[in-house]
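I opened my notebook beside this model and jotted down what I looked up, in the order I got to it.

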Amino acid sequence: MLTENIWYLKMTKELKDIAAHFTKDQFTTDKAKLEKYGCDWYKGITPNAAAIIFPETEKDVLKLFKLCNQHGIRLVISGGRTGLSGGATAADQEIVLSTERLNKMHWADNSNQIICQAGVVTDTAKALASSKNRLLPIEFSSTSASTIGGNIATNAAGAKFIKYGATKKHVVGLKIIMVDGTILNLINRNEKDATGPNLMELFFGSEGVMGLIFEATLRTYELPEFKESILVKTNDLSEIHALINKERNLISAVEFMDRNCLKLLEKESEYEYEILIELESSNQDPLEQALERIATKDFDVSLLNARQLNEFWAARENLPVILADEGANKLDLCVPMSKINLFLKKIKDYDTKDLIYNFGHLGDGNIHVNILLDEDGVLADKIYRLLQDFDGSPSAEHGIGKRKTKLLKEFTNYQDKLYLLKHLKNSVDPANILGPKVFFED
Ligand SMILES: Cc1cc2nc3c(=O)[nH]c(=O)nc-3n(C[C@H](O)[C@H](O)[C@H](O)COP(=O)(O)OP(=O)(O)OC[C@H]3O[C@@H](n4cnc5c(N)ncnc54)[C@H](O)[C@@H]3O)c2cc1C
């Protein structure tokens, strides 16, 4: 009680005004909560939030936006806080808008769609789809905590990208609350629609700077009836590239780990890479034919049973956590598919190759490069320079947030995009209330 009073006295009059418009349960400056809700998974930025607010309705959001405009207070939108780029971290006395209580959801029987508010946890939405015998294919190891709003705002991808695409592919409609209080209902009603640009795109991967994603309508998919999984061991990824291209229609995931990762998992391997390939179909025949074709290749290949498959995924999902615990500098790169083999070979030629652990979603060129003992970022810089030569992306699926603003500025190929984004941001949020220092250094 005493602590609460001290915090109240310390609050600015603007903050006190905002507090007065919400219930005690919706507004907090409690130190532990400021730390918990004030940052995401990336721990390179110290959280420094002024307060946390838990809106429960559209009206609450509108009220908060109005007050922030009046007082010139900045806001950071926060979902499940599993982001890896500091986009949901309040570093400079911003108020955090947590979507935790915006968690209503229902099923539309006639369309097999889920209509859910932003704060619905991804696994809860996936479980609703499963209960209707349908699939919501957002698959990665943090979906037990991430939210649908966060998935859309980062355009999250993951293991099933190669077959189902990133989150934006599953979005049929969005309800957005803009910072000036305008409510937008954006929907793709027709397969073909030449009525101008698809403006929902402005919010996919927008990382909390363009508006609050309040509600989304998501499409779900038929469950695949037949599945097969194989493990390929090889020293040369270019052969796998040809295989992926040939069997692309059936492939739902291609995950790889290099020898350093395997060692970390206490698995000895005589090969440089182990690759899991998952195939799915509504018919058994095409799967069997694909397996026969693969068997004729000169690979070390084995068919996995359910237990072996679970073991692979458990190990794969554990890797980022183990490497985070080891303090690895984590890069999330995308390299054009045809150049991956050479890119990784160049990295393996470095003297420091033993400090570099590579794994990721090979089917789409997304490599998670993890570097140990790289606190000063020297090795990361070297790899980013190499990446520019390979025409790659410095963020395949984790976004830019506050963490990679400086880095993105160095990538010459992205400057026109940043220029246009800045103009669009200025036009929808001229006072820069939402997500300060995300994408841009100022
Ligand atoms: C162990 C681990 C594994 C991961 N694996 C993957 C992976 O394979 N693929 C992948 O894509 N990501 C992965 N991630 C990253 C992360 O889980 C995703 O980016 C996820 O989509 C973030 O969702 P969230 O709800 O936690 O968002 P948060 O971290 O809370 O926020 C992320 C960004 O979105 C903004 N935001 C959140 N909600 C809204 C909203 N309603 N409206 C507007 N903006 C909003 C925030 O301001 C912030 O900029 C992983 C993370 C961890 C910790």
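First, a convention I kept: helices are DSSP runs of H or I with at least four residues, strands are runs of E with at least two, and both are numbered from the N terminus. With that in hand, I placed E266 in the loop between α9 and β14 (273-281).

Some ground rules. This is a predicted model, in which local features need pLDDT of at least 70 and side-chain atom pairs count only at pLDDT 80 or more, while totals for chains, interfaces and linings use all residues. I number residues from 1 along each chain as its sequence is written.

I stayed with E266 and looked up its phi, which is near 60°, a positive value in a residue other than glycine. Most residues other than glycine have a negative phi.

Which of the two is buried? I call a residue buried if 20 or more other C-beta atoms, placed from the backbone, lie within 10 Å of its own, exposed if 12 or fewer, and partly exposed in between. N155 has 20 C-beta neighbours inside 10 Å, so it counts as buried. E266 is exposed because it has 7 other C-beta atoms within 10 Å. I found N155 in the loop between α6 and α7 (161-164).

**Entry: L264**

L264 belongs to helix α9 (residues 259-264). L264 is partly exposed, because 19 other C-beta atoms lie within 10 Å. What does L264 touch? I count a contact when two C-beta atoms, placed from the backbone, lie within 7 Å. Leaving out residues up to four places away in sequence, L264 touches I322 and Y357. Y357 is 93 residues from L264 along the chain, and their C-alpha atoms are separated by 9.0 Å.

**Entry: the whole chain**

I noted 15 helices and 18 strands in the protein chain. The C-alpha trace spans about 70 × 55 × 45 Å along its principal axes.

Of the 442 residues, 42% count as buried. Among contacts between residues at least 6 apart in sequence, 71% join residues at least 24 apart.

The bounds of the domains come from an automatic or database domain assignment, which gives domain 1 (2-98), domain 2 (105-222) and domain 3 (226-389). I put the C-alpha centres of domain 1 and domain 3 at 40 Å apart.

**Entry: the nonpolar core**

Here a core is a set of buried Ala, Val, Leu, Ile, Met, Phe, Trp, Tyr and Cys residues joined through C-beta atoms within 7 Å. The largest one has 104 residues, of which I95, I213 and I275 touch the most other members. I followed I95 and found, beyond four places in sequence, contacts that include A49, I53, C68 and L75.

**Entry: around the ligand**

I took a residue as near if its C-beta atom, placed from the backbone, lies within 6 Å. Of the 39 residues around the ligand, G79, G87, G149, G150 and G208 come nearest. Helix α6 supplies the largest share of this shell, four residues. Domain 1 and domain 2 each give at least three residues.
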